[in-house]
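These are my notebook entries on one structure. I began by settling a term and then turned to the residues.

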Amino acid sequence: MAGHPAFGRWGGGHRWPDCEVGLVSHRHPGSLWQRFVHFFQSFGPRASKELVANLLSHLDADAQGVGLVISMLQGGLDRDASLAEMSKVEHAGDQLRTELVDTLAKTLVTPIDREDLYRFSRAIDDLLDELRDFVREWWLLQGANSQPLLHVLSDLAAAIDSAKVVVATIGEPKSGGATQLVEALRLANRVRCTHEDEITALFQGEVTMELLRERELLHRLDSIGMHLVQGLNTIADSFVKRGE
């Protein structure tokens, strides 16, 4: 039996018959090896880095969208240009979300709870969708006074920058992410406070159609800010789960 080709050289160790080895390598060259590689990579830091990089890119798209809206309100973009540019940014965000879902599907170990990653991605994607809607409403309502809107957008931009710092830490437990999260939530909640201040100032004067248009646009920005708050609260849930 020791000399049989189905056994090892030292008598008893099983090996694949030559015909089966040839069959596997001929029909599926490298497929088994590739599966092993993908399987072990799903446990390692590479998948976590991909997920974090995806979320950071999505936040970059959000920041780009906010910058585009600010430029539009300051007169730097006309109707057609602002709509076209915002559509590109929004589609880029959709693509990033699709990529994140695909990565989650093939990853066994994630830096934080996979459901929380999904919820955070959805929140920052909804933020970008509403920025697109804001651009449409601005041109539909023919808003005139952009200064109150710029105040809210300035706070939103600062909150998104702070959220990037938080996301960059989620792959590194005990890296101080919880402290950064508190600051990011403070800035994100300030968007609503600024919105309320601007609404209060708005109603100090006579109620006109122009005032009502500005109120609707301010409400839209408040809704955009709440998406970021919801996303950051999701990260907070994950930090609690892993003991931070």
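Entry 1: I note here that the model is a predicted one. Leu-211 is found in helix H8. Leaving aside residues up to four places away in sequence, I found that Leu-211 touches Leu-202, Phe-203 and Glu-206. I also checked its distance to Asn-145: the two C-alpha atoms are 9.2 Å apart in space, while 66 residues separate the pair in sequence.

**Entry 2: the chain as a whole.** I counted eight helices and zero strands. Read from the N terminus, the order of elements is α-α-α-α-α-α-α-α. The chain has 244 residues, and 41% of them count as buried. For its accessible surface I noted about 13,200 Å², with 56% belonging to carbon and sulfur atoms. I then looked at contacts with a sequence separation of 6 or more, and 79% of these join residues 24 or more positions apart.

**Entry 3: the nonpolar core.** Which residues have the most contacts inside the largest nonpolar core? I found Val-69, Leu-73, Phe-134, Ile-170, Leu-228 and Leu-232, in a core of 54 residues. At least two residues of this core come from each of helices H3 (45-73), H4 (79-105), H5 (114-141), H6 (147-169), H7 (177-202) and H8 (209-241). The most is given by H8, with 11 residues.

**Entry 4: Lys-164 and its partners.** I recorded 18 salt bridges in the structure. One of them joins Asp-60 and Lys-164, with the closest N and O atoms 2.9 Å apart. This pair links distant parts of the chain, since Asp-60 lies in helix H3 and Lys-164 in helix H6, 104 residues apart. Asp-60 has a relative accessible area of 41% and is therefore partly exposed.

Lys-164 also meets Asp-161 in a salt bridge, at 3.7 Å from N to O. I asked why about one helical turn separates Lys-164 and Asp-161. The two are three residues apart in helix H6, which means a separation of about one helical turn. Asp-161, with a relative accessible area of 43%, is partly exposed.

**Entry 5: Glu-210 and Arg-213.** I next looked up the salt bridge between the side chains of Glu-210 and Arg-213, and its N to O distance is 3.5 Å. Because Glu-210 and Arg-213 are three residues apart in helix H8, about one helical turn separates them. Glu-210 has a relative accessible area of 24% and counts as partly exposed. Arg-213, at 29%, is likewise partly exposed.

**Entry 6: a network, and the rings.** I found a network of salt bridges that links Asp-113, Asp-116, Arg-119, Asp-237 and Lys-241. I then searched for aromatic pairs, taking 6.5 Å as the limit between ring centres. The count comes to zero by this rule. A charge over a ring does occur: the charged end of Arg-97 sits over the ring of Tyr-118, at 4.3 Å from the ring centre.

**Entry 7: Asp-155.** Is Asp-155 buried or exposed? Its relative accessibility is 10%, so Asp-155 counts as buried. Asp-155 lies in helix H6. Apart from residues up to four places away in sequence, Asp-155 touches Leu-187, Arg-190, Val-191 and Thr-194.

**Entry 8: Gly-176.** Where is Gly-176 placed? I located Gly-176 in the loop between H6 and H7. With a relative accessible area of 34%, Gly-176 is partly exposed. I also noted that 8.9 Å separates the C-alpha atoms of Gly-176 and Val-166, which are 10 residues apart along the chain.

Note on methods. Residues are numbered from 1 along each chain as its sequence is written. This is a predicted model: local features need pLDDT of at least 70, side-chain atom pairs count only at pLDDT 80 or more; totals for chains, interfaces and linings use all residues. Side-chain values use heavy atoms; hydrogens and water are left out. Rings of Phe, Tyr and Trp (its six-membered ring) pair if their centres lie within 6.5 Å; planes under 30 degrees apart count as stacked, over 60 as edge-to-face and the rest as tilted. A charge sits over a ring if NZ of Lys or CZ of Arg is within 6 Å of the ring centre and within 35 degrees of the ring normal. A nonpolar core is a set of buried Ala, Val, Leu, Ile, Met, Phe, Trp, Tyr and Cys residues joined through side-chain atoms within 4.5 Å. Buried means under 20% relative accessible area, exposed over 50%, partly exposed in between (1.4 Å probe, protein chains only). Helices (H or I, at least four residues) and strands (E, at least two) are DSSP runs, numbered from the N terminus. A salt bridge is a side-chain nitrogen of Lys or Arg within 4 Å of a carboxyl oxygen of Asp or Glu. Contact means heavy atoms within 4.5 Å. Accessible areas come from the Shrake-Rupley method with a 1.4 Å probe; for residues, only the protein chains shown count as cover.
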